[in-house]
Amino acid sequence: MMGAGKTTVGRLLANFLEKKFYDSDREIQKRTGVSIPLIFEIEGEAGFRKRETEMLSELVKTGNIVLATGGGAVLSAENREMLKRSGTVIYLRATIDDLWRRTRHDKNRPLLQTQDPRTKLTELYAQRDPLYRETAHIIVESGKRSARHLAQLLAQQLACSGLRMDEI
């Protein structure tokens, strides 16, 4: 989910694992030269999701990386399958309260630019949580730990688990 800490934890985890880090949303922005909110405004969510799938398809072919996806990447069955078969998927799970606290002032979250963003966040969580659970190899609560501590724990767990670490 947006605000769960994917980029922050992912970057730290990549450092611990000595892997390159990618954030699919940032890669889309670099490729297009515009912000995610502007892509949503011009192309709508469907246009953005198409770009997202194309970017994920490209990134999962890159080896030895940690990948933070956008929160809505799991909406596509194609993306869920692609991620699941390409590496170890970690779901950083946080409570609605934690997500709301982290995102409520962020104007770069196009799906939360509504009259009632907390209700929208709750709806997105209800829709996406089962999809995250379906896709994840590892589920970890991200709300009460520091990003650094969480990344260290994940690096240890991955090293001991024998799970693939090609992409996360």
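**Figure 1. Helix α3 and its kink.** Although α3 contains 24 residues, its end C-alpha atoms lie only 18 Å apart, short of the 34 Å that a straight helix would reach at 1.5 Å a residue; the expected span is 1.5 Å times one less than the number of residues. Helices (DSSP runs of H or I, at least four residues) and strands (runs of E, at least two) are numbered from the N terminus. The model is predicted: local features need pLDDT of at least 70 and side-chain atom pairs count only at pLDDT 80 or more, whereas totals for chains, interfaces and linings use all residues. Residues are numbered from 1 along each chain as its sequence is written, and side-chain values use heavy atoms, with hydrogens and water left out. A kink of about 115° is centred on Glu-43, the bend at a residue being the angle between axes fitted to the seven residues ending there and the seven starting there. Among the buried residues of α3 are Ile-36, Phe-40, Phe-48, Arg-49, Glu-52 and Leu-59 (buried, under 20% relative accessible area; exposed, over 50%; partly exposed, in between; 1.4 Å probe, protein chains only). Their cover includes β1 (20-23), α2, β2, α4 and α6.

**Figure 2. Helix α6 and the kink at Arg-128.** Helix α6 (residues 117-135) has 19 residues and reaches 26 Å from its first C-alpha to its last, close to the 27 Å expected at 1.5 Å a residue. A kink of about 35° lies at Arg-128, shortly before the proline Pro-130. Arg-128 is itself one of the buried residues of α6, which also include Leu-121, Leu-124, Tyr-125, Asp-129 and Tyr-132. The buried residues of α6 are covered by elements including α3, α4 (77-86), β3 (90-93) and α5 (96-103).

**Figure 3. The largest pocket.** The largest pocket holds about 600 Å³ of space. On a 1 Å grid over the protein atoms alone, a pocket is an open set of points with protein on both sides within 12 Å along at least five of seven lines, a cavity is a set where a 1.4 Å probe fits but cannot get out, and lining residues have an atom within 4 Å of a point. Points are joined across faces, edges and corners, and a volume is the space filled by probe spheres set on them. Of the 28 lining residues, Met-2, Asp-25, Asp-106, Asn-108 and Arg-109 are the closest to the pocket centre. Helix α3 supplies the largest share, six residues; α1 (6-17) and α2 (24-32) each supply at least two. The pocket lining comprises eight nonpolar, ten polar and ten charged residues (nonpolar: Ala, Val, Leu, Ile, Met, Phe, Trp, Tyr, Cys and Pro; charged: Asp, Glu, Lys and Arg; polar: the others, Gly among them).

**Figure 4. The largest cavity.** One cavity of 30 Å³ or more is counted, and the largest cavity contains about 400 Å³ of space. Its lining has 28 residues, with Lys-6, Leu-67, Thr-69, Val-89 and Ile-90 nearest the centre. Elements giving two or more lining residues are α1, β2 (65-68), α4, β3 and α6; α1 gives the most, with four. The cavity lining divides into 18 nonpolar, eight polar and two charged residues.

Figure 5. Phe-21 is buried, with a relative accessible area of 17%. Leaving aside neighbours within four places in sequence, Phe-21 contacts Lys-6, Thr-7, Gly-10, Arg-11, Ala-14, Val-66 and Ala-68 (contact: heavy atoms within 4.5 Å). The C-alpha atoms of Phe-21 and Asn-64 are separated by 9.0 Å. Asn-64, in the loop between α3 and β2, has a positive phi near 60° and is partly exposed at 44% relative accessibility.
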